[in-house]
Amino acid sequence: MSAGAAVDPRGPRFAAAVTTVVLALVLVTGWWPLLAAQTVVFAAGALVGPRAAPYSLLYRLLVAPRLKPTAEREEAAPLRFAQAVGFAFALAGTVGYATGVGALALVATAFALFAALLNAAFNFCLGCEVYLLLRRSTRRAERA
């Protein structure tokens with residue numbers, strides 16, 4: 001399967017759970033190098049796709065072998081977009097922490113945490129939904 005192929009939807013949800021823990025730790029501790037590492041994880045997910053992203057690799061190696069197989073699949077494009085959005089917020093948070101702009105650091109990290117928590121707890125990928133809305137509106141504009 002290529003980076004653009006459909007993926008097991010449990011993988012991104014696992015990744016969102018790990019991301020939720022990481023971002024919560026950043027907000028509690030203010031340790032911005034951890035946020036910088038999460039920014040790299042988001043970048044990998046956006047650039048190489050969800051199957052090759054670090055948390056997805058953990059899922060496939062450690063978690064998936066213990067689960068029953070599923071035929072359910074999700075397209076990778078919305079997930080990559082969601083990772084890109086997460087990257088933007090995490091990068092803004094990292095810059096905020098590194099430069100002492102506390103409000104930027106806290107707000108950007110909290111937004112990323114909120115989106116990750118929605119996916120992990122409620123299986124609602126906010127970035128994926130935004131991707132689909134943008135795609136629908138682009139199609140409508142092309143037809144008009």
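This report describes the fold, the surface and the annotated regions of one protein chain.

The model is a predicted one, in which local features need pLDDT of at least 70 and side-chain atom pairs count only at pLDDT 80 or more, while totals for chains, interfaces and linings use all residues. Residues are numbered from 1 along each chain as its sequence is written, and side-chain values use heavy atoms, with hydrogens and water left out.

**Overall fold**

The chain holds 6 helices and 0 strands, where helices (H or I, at least four residues) and strands (E, at least two) are DSSP runs numbered from the N terminus. Its order along the sequence is α-α-α-α-α-α. The radius of gyration is 16 Å, close to the 15 Å that the globule rule gives for 144 residues, so the chain is as compact as a globular protein of that length; this radius is taken over C-alpha atoms, and the rule is 2.2 Å times the number of residues to the power 0.38. Along its principal axes, the C-alpha trace spans about 50 × 45 × 25 Å.

Of the contacts with a separation of 6 or more, 74% join residues 24 or more positions apart, a contact being heavy atoms within 4.5 Å.

**Burial and surface**

Buried residues account for 35% of the 144 residues, where buried means under 20% relative accessible area, exposed over 50%, and partly exposed in between (1.4 Å probe, protein chains only). The accessible surface comes to about 8100 Å², and 70% of that belongs to carbon and sulfur atoms; such areas come from the Shrake-Rupley method with a 1.4 Å probe, and for residues only the protein chains shown count as cover.

**Annotated regions**

According to UniProt (unreviewed entry), the feature "domain: DUF4395" lies at residues 7–136, and the annotation "transmembrane region" covers residues 12–34, 40–63, 84–105 and 111–134. UniProt positions are given in the numbering used here, feature names are shortened, and annotations may be inferred rather than shown by experiment.

| Residues | Helix | Strand | Distance between end C-alpha atoms |
|---|---|---|---|
| 7–136 | 79% helix | 0% strand | 22 Å |
| 12–34 | 91% helix | 0% strand | 20 Å |
| 111–134 | 88% helix | 0% strand | 20 Å |

**A residue in a loop**

N123 is found in the loop between α5 (102–122) and α6 (126–143). Although N123 is not a glycine, it has a positive phi of about 55 degrees, and with 46% relative accessibility N123 counts as partly exposed.
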